[in-house]
Amino acid sequence: MLEEELIDLATFCLQNSDSSEVDEKKKRISQVGKEIYDDGGVDALENFFFVIENRIKEEIGQDPKPFRSLWNGLDDNWKY
C-alpha cells in the first residue's frame, strides 16, 4: 500500500511541479519514508525507491530521483 501511495505522490509532484499541493505531498513522502525506515531500515528504503523509480520512469518517463533527498536524515547511510 505504501508503494502505491509513494508512486501517486511522486507522480503528482513531477507532473504538477507548480501546484500549491506539492509541498504537502513532499511532506507525506517524507513521512512514508520514515514509516518504511522504521519497519526495515536503509535496505527497505533502497528497495522501495528502486521499485518506485522504475515504475515512474516506465509510466510517465520522468525520474523521481530528486525525491530521495526527502529521506535524508533518517540514517547516516542514506545521503542524497
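Helix 2 bends by about 125° at Gly40. The model is predicted. Helix 2 covers residues 22-60, yet its end C-alpha atoms lie only 17 Å apart. A straight helix of 39 residues would span 57 Å.

**Helix 2 along its length**

- The bend of about 125° falls at Gly40.
- At 1.5 Å a residue, a straight helix of 39 residues would reach 57 Å, but helix 2 spans only 17 Å.

**Helix 1 against helix 2**

- Helix 1 is formed by residues 2-15. The axes of helix 1 and helix 2 come within 7 Å.
- How do the two axes cross? They cross at roughly 60°, which makes helix 1 oblique to helix 2.
- The crossing of helix 1 past helix 2 is right-handed.
- Which kinds of residues make up this contact? They divide into 17 nonpolar, two polar and nine charged.

**Lys34**

- Lys34 sits in helix 2.
- Lys34 and Trp71 are 37 residues apart along the chain. Their C-alpha atoms are separated by 7.4 Å.

How values were computed:
Residues numbered from 1 in each chain as written. Predicted model: local features only at pLDDT ≥ 70, side-chain atom pairs only at ≥ 80, totals over all residues. Heavy atoms only, no water. Helix = DSSP H or I, 4+ residues; strand = E, 2+ residues; numbered from the N terminus. Expected span 1.5 Å × (residues − 1). Bend = angle between axes of the 7 residues up to and from the residue. Axes fitted to C-alpha atoms, helices over the stretch in contact; angles between N-to-C directions. Parallel < 35°, antiparallel > 145°, perpendicular 65-115°, else oblique. Left-handed = near helix turned anticlockwise from the far one by under 90°. Nonpolar A, V, L, I, M, F, W, Y, C, P; charged D, E, K, R; others polar.
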